[in-house]
Every structure is written in structure tokens, then in C-alpha cells.
Amino acid sequence: MNAKNLPLIIVAVLAVMVGLYPAYYYVVHSDKPGILESKPVELLASYFYRGSFYTHITFGGIALLIGWMQFSKKIRAAKLNLHRTIGKMYMVAVALSGTGGFIIAMSASGGPVCMAGFGLLAVLWLYTDLQGYRAIRKLQIERHRAWMIRNYSLTFAAVTLRIYLPLATAVMHLDFIPSYRVISWLCWVPNLIVAEMLIRRANRNPEGASTTVSAPVQARYKAS
């Protein structure tokens, strides 16, 4: 195993584990599975809220499951059509999950702090998704890649959230609500900082990458 591939392998394993978690909500025999158990009865009676919640977790899970594949150089180089197909699926999944995520963020446990944290996460998730789409439509390959690194770092907030919460509550024995308020920001802000560091490092060491692409590759990107 190439050591250079280890970070992507770790990301992929964690993404698959968390990406499959939404299936639990469809197979468990309960009216209030998982985090829904902590929600008020009046909120759960809203089909709009429930629809937004299930849209968020379902398509967010899909985004996690397939998004990491887009950073595989082998797929990009040898199977560009597959890369494009997965990319389209991923962007649609983010758009749907992000919209649902913003809606349910307005009722987040923990009050205004969590509402702001998760709400801003959803807005930035949607914004980076749109910017990535706009860049690839203009064939700005490196710009597109940078936006999608940012975007997947926000997608990965679903993973870091589920790492920090057990550490805070089960390991450190902190109260849930205060921890949740901090983690509503901690789950994505450091991710985005790391993404910016990776983008800057890639810009310093482009390894022959260019913001323009050859005519044959342009034709392959344009084909649909």
C-alpha cells in the first residue's frame, strides 16, 4: 500500500461507515429513532420537518459514500466519464441534503448557537457546491478541484461530528447541550481550515497541473 494513499483510505473508511448510518433510520422499528428521540412531539408532527430531516440524512449519506472517490487520481485519469457521473450525483446529493440541513438547523437542539453553526454549515455547503459546478462548466479544472475540496471538507463534518460527540459525552463526561453547541462549529470549521491548507499546498506544488486543459480533455468534459 502506497503511504501517499493512506489519508484517502482513512477518509474513505470513515465516510463509508458514517455514510451508511442513515440506513438505521429506515430499518429501526421506532417512531423516534436516533436523534429524533430528543425532538419535541410538535416538531415531529410536522411532515415538512420530517421530510427535510430524511432528505438531509439520506442524500448526505450518499454524498459521503461517493464523494471521496472524486479525489482518486486513477479514476480521474483513466475513467473521466465515471468521474463526471459520480460528480453529478454528488452535487445533486449535496444540493438536496444541504437544503434539508438548513431547514432542520433552524430547529437544532442547543438553541441559537447550534442553529447558527449548523445553518452556516449548510449555507457554505451549498455555496461551495454551486461554485464547484460553475467552475467545471467553465472548464476551470484547478478552481473546480479547490471548491470541491472545500465542499467535501464540509460534507465530512458528518464524520467529525460523530467523532467529537462521543468523545465529549462518553469519554470526557461533558453535558450534551454545552458540548453540542461547541461541536456545531467544531465539526466543520477546522475541516475547512485543513481544506484551505491542502489547496495552498497544492498551489505551491502543482506537479504539472494547469488551470487550462487540452482540447481532447475539454471535449470529454463537454460531452454529456
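Mentor: The model is a predicted one, and I would begin with helix H4, residues 47–67. H4 has 21 residues and spans 29 Å from its first C-alpha to its last, which is close to the 30 Å expected at 1.5 Å a residue. Its buried residues are Tyr49, Ser52, Phe53, Tyr54, Ile57, Gly60, Gly61, Ala63, Leu64, Ile66 and Gly67. In an α-helix there are 3.6 residues a turn, so residues three or four places apart point the same way.

The partner to consider is helix H6, residues 80–105. Two packed helices are described by the angle between their axes and the distance between the axes. For H4 and H6 the axes come within 7 Å and cross at roughly 145°, and the crossing is left-handed. On the H4 side, the residues in contact are Phe48, Tyr49, Ser52, Phe53, Thr55, His56, Phe59, Gly60, Ile62, Ala63, Ile66 and Gly67; on the H6 side they are Ile86, Met89, Tyr90, Ala93, Val94, Leu96, Ser97, Gly100, Gly101, Ile103 and Ile104. Sorted by class, this contact comprises 15 nonpolar and 8 polar residues, with no charged ones.

A second pair is formed by helix H1, residues 6–19, and helix H9, residues 157–171, whose axes come within 9 Å and cross at roughly 80°. H1 and H9 are therefore roughly perpendicular to each other. Leu14, Ala15 and Val18 of H1 meet Ala158, Val159 and Arg162 of H9, and the residues of this contact divide into 5 nonpolar, no polar and 1 charged.

Leucine 139, in the loop between helix H7 (112–137) and helix H8 (141–155), has a positive phi, near 60°. Histidine 173, in the loop between H9 and helix H10 (176–186), likewise has a positive phi, of about 60°, although it is not a glycine.

Terms used
Residues are numbered from 1 along each chain as its sequence is written. This is a predicted model: local features need pLDDT of at least 70, side-chain atom pairs count only at pLDDT 80 or more; totals for chains, interfaces and linings use all residues. Side-chain values use heavy atoms; hydrogens and water are left out. Axes are lines fitted to C-alpha atoms, for helices over the stretch in contact, and angles run from 0 to 180 degrees between N-to-C directions. Helices (H or I, at least four residues) and strands (E, at least two) are DSSP runs, numbered from the N terminus. A crossing is left-handed if the near helix is turned anticlockwise from the far one by less than a right angle, and right-handed if clockwise. Contact means heavy atoms within 4.5 Å. Ala, Val, Leu, Ile, Met, Phe, Trp, Tyr, Cys and Pro count as nonpolar, Asp, Glu, Lys and Arg as charged, and the others, Gly among them, as polar. Angles under 35 degrees count as roughly parallel, over 145 as roughly antiparallel, 65 to 115 as roughly perpendicular and the rest as oblique. The expected span of a helix is 1.5 Å times one less than its number of residues. Buried means under 20% relative accessible area, exposed over 50%, partly exposed in between (1.4 Å probe, protein chains only).
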